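This briefing accompanies a protein structure and is meant to be read beside it. Please keep the sequence and the model in view while working through the points.

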Amino acid sequence: PGWDGSSSVIPPTRNVNAATHGYAKATSLSATTGYIEDEDWDYDIGIVTLDRPVGMLTGWYGVSWGYSCDTIRSRVYNYAGYPSQQCDNMGNHNGARMYYWTGAIDSCHGEQLRIDTTAGCFTAGWGGMSGGPLYYEQGGSRFVHGACSNSDRNLMTNFAKITENEFNAIAT
């Protein structure tokens, strides 16, 4: 978080500028069985356990699961991600610039929450955005409800909704 793309964020054994909030190392990685075994986009959620509580510096997000599609569609959601897949020859997407979206979910498909998009470098979902949090704000707190999963780079971007099983895995 806070990286401006101007320095290395990979911490070697020697002293290095590690961006605004320092760095953390992953101590474990996990993904859902539905995605690993069946390649089902509905379960395209991963969990990264870090070696330190970075939320002490950056702030915390809560986690949310469930809700009817009507409730979901009535909320304002936010998403921030770092696209890196090139969409043109201008170098707009290099993984160093954060892009932000806010608005309503247009539809629900299984465990996918979909926003309708239009073709374009700044209006569609692109490679590198996967895994970024889809969250809403309630009572002054932010709650992650899904993760950016897939897109056709044109008319839709999907977010895998956190299920009860994934919520329980995150809680433990």
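The points below move from the overall fold to the interior, the surface and selected residues.

The structure is a predicted model. The protein chain has 172 residues, of which 32% are buried. It contains 4 helices and 10 strands.

**Overall fold**

- Read from the N terminus, the elements follow the order β-α-β-α-β-α-β-β-β-β-β-β-β-α.
- Among contacts in the chain with a separation of 6 or more, 57% are between residues 24 or more positions apart.
- The chain exposes about 10200 Å², and carbon and sulfur atoms supply 52% of that area.

**Nonpolar cores**

- In soluble globular proteins, nonpolar side chains tend to be buried together.
- The largest nonpolar core has 13 residues, and those touching the most other members are Tyr-77, Tyr-79, Ile-105, Leu-113, Leu-134 and Phe-159.
- Two or more residues of this core come from each of β4 (77-81), β7 (112-116) and β8 (133-138).
- A second, separate core has 6 residues, including Ile-45, Tyr-135, Val-144 and Ala-160.
- When residues up to four places away in sequence are not counted, Leu-134 touches Tyr-77, Asn-78, Tyr-79, Trp-101, Ile-105, Leu-113, Phe-143, Val-144, His-145, Gly-146 and Phe-159.

**A nonpolar patch on the surface**

- Leu-29, Val-48 and Leu-50 form a nonpolar patch on the surface, and together they have about 290 Å² of accessible area.
- Val-48 belongs to strand β2 (residues 46-50).
- Val-48 has a relative accessible area of 51%; because exposed means over 50%, Val-48 is classed as exposed.

**Salt bridges**

- Side chains of opposite charge can pair when their charged atoms come close.
- The count of salt bridges in this model is 2.
- One of them joins the side chains of Lys-161 and Glu-111, at 3.8 Å from N to O.
- Lys-161 is in strand β10, whereas Glu-111 is in the loop between β6 (107-109) and β7, so this pair ties together parts that are 50 residues apart in sequence.
- Lys-161 counts as buried at 10% relative accessibility, while Glu-111 counts as partly exposed at 23%.
- A salt bridge also links the side chains of Glu-137 and Arg-142, at 3.9 Å from N to O.
- Glu-137 is partly exposed at 47% relative accessibility, and Arg-142 is partly exposed at 38%.

**Two asparagine residues**

- Is Asn-158 buried or exposed? Its relative accessible area is 3%, so Asn-158 is buried.
- Asn-158 lies in strand β10 (residues 156-161).
- Apart from neighbours within four places in sequence, Asn-158 is in contact with Gln-112, Leu-113, Arg-114, Ala-147, Cys-148, Ser-149 and Asn-150.
- Asn-94 is located in the loop between β4 and β5 (99-103).
- Asn-94 counts as partly exposed, with 42% relative accessibility.
- Which residues does Asn-94 contact, leaving aside its neighbours within four places in sequence? Asn-94 is in contact with Pro-83, Ser-84 and Gln-86.
- The C-alpha atoms of Asn-94 and Tyr-82 are separated by 7.9 Å, and the two residues are 12 residues apart along the chain.

Key. Residues numbered from 1 in each chain as written. Predicted model: local features only at pLDDT ≥ 70, side-chain atom pairs only at ≥ 80, totals over all residues. Heavy atoms only, no water. Core = buried A, V, L, I, M, F, W, Y, C linked by side-chain atoms within 4.5 Å. Buried < 20%, exposed > 50% of the residue type's maximum accessible area, 1.4 Å probe, protein only. Contact = heavy atoms within 4.5 Å. Patch = residues over 30% accessible without salt bridge, like charges linked within 9 Å, V, L, I, M, F, W, Y side chains within 5 Å. Areas by Shrake-Rupley, 256 points an atom, 1.4 Å probe, with all protein chains shown as cover. Salt bridge = Lys/Arg side-chain N within 4 Å of Asp/Glu carboxyl O.
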